[in-house]
Amino acid sequence: PTSAQVSAVPHSGRFCYTLDNDLLTTQQRQFYEDNGYLLIKKLVSDEDIERFRREFMRICKREVNPPGAMIMKDESLKSQFGQSEKVVNKVQDFQEDEELFRYCTLPEVLKYVECFTGPNIMAMHTMLINKLPDSDKQTFLHPMHQDLHYFPFRPASRIVCAWTAMERADQDNGCLVVQPGTHKSTLKPHGYPSWEGKTNKLFHGLLDEDEKTPKVHLVMEKGDTVFFHPLLIHGSGINKTSGFRKSISCHFASSECYYIDVKNTTQEHLEKELEEMVHKKYNATSVELKDIWNFRARLVQGERINL
């Protein structure tokens, strides 16, 4: 419905990271241009968030089992709590769960996404995160990283993440932490952090993090949504409360983006790791990174062109 509003004419030289549109103010576009993220207050309704929460609970209790979804759990808590939200820390790739996938089709979200991607929009990667209470072991600390590390498609400026807080997120319960302006840098080498204790599978982080780069903690209320660039360096802290910090997110890309070969790049080792996981789970041989993404991707608006 909003595709007519996006044209690529007047400001072409001034803005690299947004397309011309009738929605974002010049100040909002400039903020995203400078910082690599934009926070929109109360974008998603309480009613929708409660529906997502109920579906998450059903998944935790195994009342529904969405095909292709990866349910990530803290195995050490299973004996204590069984099948419940106290164990599940993430539902990844929920694109086949019609109730959760509604998030990726919400008109209020898509009208903003279109300002970054243009009218042909693919939902590429979906996650509902349930950050569990975590004091000493720091199991659910996500190291600082760039999402583009995981993506074998380009251009980066036509990819955007929409991340919605399902309840208040602040420094106590592990809100998002961003390094403004880092979206202007290149994709940096990632790997497993050399932390004491457990590191989560595929939770790669920057191998060489500049501690001097200023960080901003994004304090968000329920329904607030942040849109950010895939090169923006970000992460999240631990949840020091006894509650659960939930958020729902989707990475969107223009269907005009194209796949790249990651051989001989910093992303090559990620491809190998994912191939091994897919081989183990599905006994599939010779799987490329782009095959995995092709399987996940769903068209949400416009026309499917390349992805």
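Because the model is predicted, local features require pLDDT of at least 70 and side-chain atom pairs count only at pLDDT 80 or more, while totals for chains, interfaces and linings use all residues. Residues are numbered from 1 along each chain as its sequence is written, and side-chain values rest on heavy atoms, with hydrogens and water left out.

The protein chain contains seven helices and 16 strands, taken as DSSP runs numbered from the N terminus (helices H or I, at least four residues; strands E, at least two). Of its 307 residues, 56% are buried; here buried means under 20% relative accessible area, exposed over 50%, and partly exposed in between (1.4 Å probe, protein chains only). Among contacts (heavy atoms within 4.5 Å) with a separation of 6 or more, 81% join residues 24 or more positions apart.

Salt bridges number 19 in this model, each defined as a side-chain nitrogen of Lys or Arg within 4 Å of a carboxyl oxygen of Asp or Glu. One of them pairs R51 with E99 at 2.8 Å, N to O. This pair connects distant parts of the chain, with R51 in helix α2 (residues 46-60) and E99 in helix α4 (residues 98-105), 48 residues apart. R51 is partly exposed, at 28% relative accessibility. A network of salt bridges links D48, R51, E99 and R102.

Two further pairs can be considered. In the salt bridge between R58 and E63, the closest N and O atoms lie 3.9 Å apart; R58 is partly exposed, at 36%. For R168 and D170 the corresponding distance is 3.0 Å. R168 is partly exposed at 39% relative accessibility, whereas D170 is buried at 15%.
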